[in-house]
Amino acid sequence: MLTKRIIPCLDIKNGRTVKGVNFVDLKDAGDPIVLAKKYAQLGADELVFLDISATLEGRSTWLQTVLEIAKEINIPFTVGGGVRSVADVNMLLQSGADKVAINSAAIKNPELISLLAKKFGKQCIVIAIDAKPINGIWKVHLAGGTKATDLDLFDWAKTVENLGAGEILFTSMAHDGTKKGFANKALAALSETVNIPIIASGGAGSVADFITVFKSGKADAALAASVFHFNTIQINQLKQMLHQHEIPVRL
Amino acid sequence: MDVVIIDYGVGNVKSIEFALNRLGVQALLTQDADTIKAAKRVILPGVGEASSAMKNLETCELHRVIPNLKQPVLGICLGMQLMCNYTDEGQTKGLKLFNTDVKQFPNSLKVPQMGWNTINNLKTNLFKGIKPNEYMYLVHSYYAPICSETIAQTTYGFPYASALQKNNFYGVQFHPERSGHAGEQILKNFLELPEANCKP
């Protein structure tokens, strides 16, 4: 049986893992390579590595850090941040990334998704979507959550699926860093809207939040950062608890 | 060079190279036919789209080289699918090493299948020391149906072939290079396959 995935996310700025609340107020959370190895050993199903300053500062992701992590770990590995072109994706895959997450560049140029899916296969194209409700409607944001767009979350999700996205990484900006649970209603609606896997992100605070995101939010995977970085939740214990609640996980 | 990874411009060849390094093995990335023919072990990787990947193999003339190899050959993911007769993806003719046609998962399932699933009904020394229902990492939209050459099965909606073998040719749908210690064991087993299993 296909299992639900637990995915620690390493937000990287200036070579360090950082974590903020609602996308701002960043705190240092350690060396990304040390954390990546630790998470792989504890049973993480996948890692996501986001160079969160890349789009804003207009520079490419640190290929060297990607390479160092890829050498060390034996679980799949998604890289995002500032990915804009076929050449960017090619370089990341050549540096050992298994999948690439694209956010702003896909909004600015949706055709990029089909181009990448055709060249590299849809399975390695993860479309990251940052959204929050504005007047009750979930609106997509770009450039690390700093700019609102007119795009509706569900319309955009359907569009990226049709263009060839292999997976959606949905971050609720309203929940991110709050530790009050995931955006389960929006997640469940998203799962009804598209037929590709959904990674839930934003709001993990307790083991119960993970149980709910799989049961009510219908997520295929759950991503979190600070609860793992600051040892609030241990991945191996979390997966044991999920197993006890009859959620299929790799133990 | 003992181990070569065929470099034909697709996907994450580096992660296979790094997994072999972790086993203490240096592999060479190459598309040179003579180097490939002379290697003790050959890996055909692949993450990408079937028709363009097959075109790349043809451009390097490797579609003629690979079927004549006598040493153990391991196709991974798309590499395995290209070793079959045909794949629905891009209506692509394959290398015809495995006698089966690759099909698309139905829309009643989430496609692609992405994540960790179990392998069972394990056959051959490729799976030596691997316990039944071990988890492997899979990410794919197309699958090989169960056939006589099936050496491992996985269930996603229904059972399908997650590994195939004929003579010296092996193919795995999952990514051993990204499937933890068990995946590394499978790569190690491939490197240690006895010569008796390798004769065509």
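**Notes on a two-chain predicted model**

1. Let's begin with one residue: E184(B) is buried, since its relative accessible area is 11% and the cut-off for buried is under 20%. Keep in mind that this is a predicted model.

2. E184(B) has a partner. R22(B) makes a salt bridge with it, and the closest N and O atoms are 3.0 Å apart. R22(B) sits in helix α1 of chain B and E184(B) in helix α6 of chain B, so the pair ties together parts that are 162 residues apart in sequence.

3. Over in chain A, have a look at R5(A) and E46(A), whose side chains meet in a salt bridge (2.9 Å, N to O). R5(A) belongs to strand β1 (residues 5-13), while E46(A) is in the loop between α1 (32-42) and β4 (47-51) of chain A, so this pair links parts 41 residues apart in sequence. Both R5(A) and E46(A) are buried. They also belong to a network with K99(A) and E167(A), joined by salt bridges that share partners. Over all chains, the structure has 18 salt bridges.

4. Now for where the chains meet. On the chain B side 34 residues are in contact with 40 residues of chain A. The area buried between the two chains is about 3000 Å², and carbon and sulfur atoms give 52% of it. Within chain B, K110(B), M114(B) and W116(B) lose the most area to chain A, together 26% of what that side buries.

5. How many salt bridges does the rule find across the interface of chain B and chain A? There are three. One salt bridge pairs K110(B) with D220(A), with the closest N and O atoms 2.7 Å apart. K110(B) is in the loop between β7 (98-104) and β8 of chain B, and D220(A) in the loop between α9 (207-215) and β12 (221-224) of chain A, so the pair joins two chains. Both K110(B) and D220(A) are buried.

6. As for which elements of chain B touch chain A, α1 (13-22), α3 (50-59), β8 (113-119), β9 (134-140) and α6 (180-191) each supply at least two residues. β8(B) gives the most, with six residues. Sorted by class, the side of chain B that touches chain A has twelve nonpolar, 15 polar and seven charged residues.

Conventions: Residues numbered from 1 in each chain as written. Chains lettered and ligands numbered in written order. Predicted model: local features only at pLDDT ≥ 70, side-chain atom pairs only at ≥ 80, totals over all residues. Heavy atoms only, no water. Contact = heavy atoms within 4.5 Å. Buried area = accessible area lost by both parts, 1.4 Å probe. Salt bridge = Lys/Arg side-chain N within 4 Å of Asp/Glu carboxyl O. Helix = DSSP H or I, 4+ residues; strand = E, 2+ residues; numbered from the N terminus. Nonpolar A, V, L, I, M, F, W, Y, C, P; charged D, E, K, R; others polar. Buried < 20%, exposed > 50% of the residue type's maximum accessible area, 1.4 Å probe, protein only.
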